[in-house]
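Thanks for coming. I will take a few minutes on one structure, so please have the display open.

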Amino acid sequence: MKSIIVGNWKNHPSSPEEASRILRGLKAQSRLYKKLSTFIAPPLPYFGLVKEKGRGVGALVAQDLFPVYKGSHTGNVSVDILKNFGTKLVILGHSEKRQLGETSIQVAEKIRVALDAGLIPLLCIGEEVHDTEGKYFEILAGELRASLGSMKKNEGEKLIVAYEPIWAIGKKAEDAMDSAELSQMVIFIKKTLGEIFDRKTAEKIPILYGGSVEPVNAFELKKSGVNGFLVGHASLQPKEFRLIAEALLKKR
Ligand code: PGA
């Protein structure tokens with residue numbers, strides 16, 4: 001399985017000119033990105049731009065979806081449009097959506113719509129605080145069980161999970177989770193996925209880490225056993241994104 005790198009642009013950059021500049025930087029390294037499973041999740045208004053100017057860099061990712069296949073829904077973008085644009089993946093349950101009130105039940109509904117349309121759901125889970133009593137284990141298992149409630153037992157292989165501890169998002173590399181701790185979390189997530197699907201399926205579900213992945217900590221974090229990264233702020237800097245991609249390819 002190739003390592004996965006997803007650039008989550010969130011609500012950035014502010015202009016199409018800046019987006020074009022980022023894409024030029026990425027494009028210059030397209031040979032590198034082909035060695036990985038590379039994905040770009042831009043804001044919707046830049047979809048056309050990424051498709052055109054980012055050709056050969058990676059596949060398009062939606063940052064969310066409106067859970068209907070098509071129809072008249074002012075202000076929303078339904079799955080048929082995303083699909084016809086060539087979107088491969090959809091980020092669901094990101095903590096920045098959950099903080100606005102999105103529940104795991106709603107995430108489950110979106111996962112169902114994504115799967116029915118042939119999109120791969122990239123489910124985000126993460127605890128707000130990494131408390132000393134280990135309550136976060138319960139929180140993560142709860143998020144996984146509820147968010148995956150709409151999936152059938154035999155659909156596990158169509159899923160990607162991103163573990164993004166909320167306390168580590170949007171900070172600096174030194175605030176990210178450390179590699180040893182992360183490997184424990186990967187084991188726990190795989191164990192829980194094994195209970196939801198089955199062990200063999202759980203082994204095939206890629207687990208990504210997100211939360212202040214930067215060039216300086218990427219190689220260390222990779223050693224935890226994750227299958228790749230969901231990269232936020234560093235994905236807007238072509239040089240940083242390239243160094244993270246290189247860290248994913250590095251053997252030692
Ligand atoms: P960050 O964001 O890399 O800026 O911490 C990651 C994310 O929220 O997906």
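The charged end of K250 sits over the ring of F219, 4.4 Å from its centre; that label requires NZ of Lys or CZ of Arg within 6 Å of the ring centre and within 35 degrees of the ring normal. Before going on: this is a predicted model, where local features need pLDDT of at least 70, side-chain atom pairs count only at pLDDT 80 or more, and totals for chains, interfaces and linings use all residues. Residues are numbered from 1 along each chain as its sequence is written, and side-chain values use heavy atoms, leaving out hydrogens and water.

Now the aromatic rings. How many aromatic pairs does the structure hold? There are five aromatic pairs, where rings of Phe, Tyr and Trp (its six-membered ring) pair if their centres lie within 6.5 Å, and planes under 30 degrees apart are stacked, over 60 edge-to-face and the rest tilted. F47 and F85 form an edge-to-face pair, with 5.8 Å between centres and 75° between planes. F47 lies in helix α3 and F85 in the loop between α4 and β4, 38 residues apart; helices (H or I, at least four residues) and strands (E, at least two) are DSSP runs, numbered from the N terminus.

Is F47 buried or exposed? F47 counts as buried because its relative accessibility is 2%, while F85, at 31%, counts as partly exposed. Buried means under 20% relative accessible area, exposed over 50%, and partly exposed in between, with a 1.4 Å probe and protein chains only.

Elsewhere, ring pairs link Y136, F137 and F188 into a cluster. Last, helix α11: its buried residues are P238, F241, I244, A245, A247 and L248.
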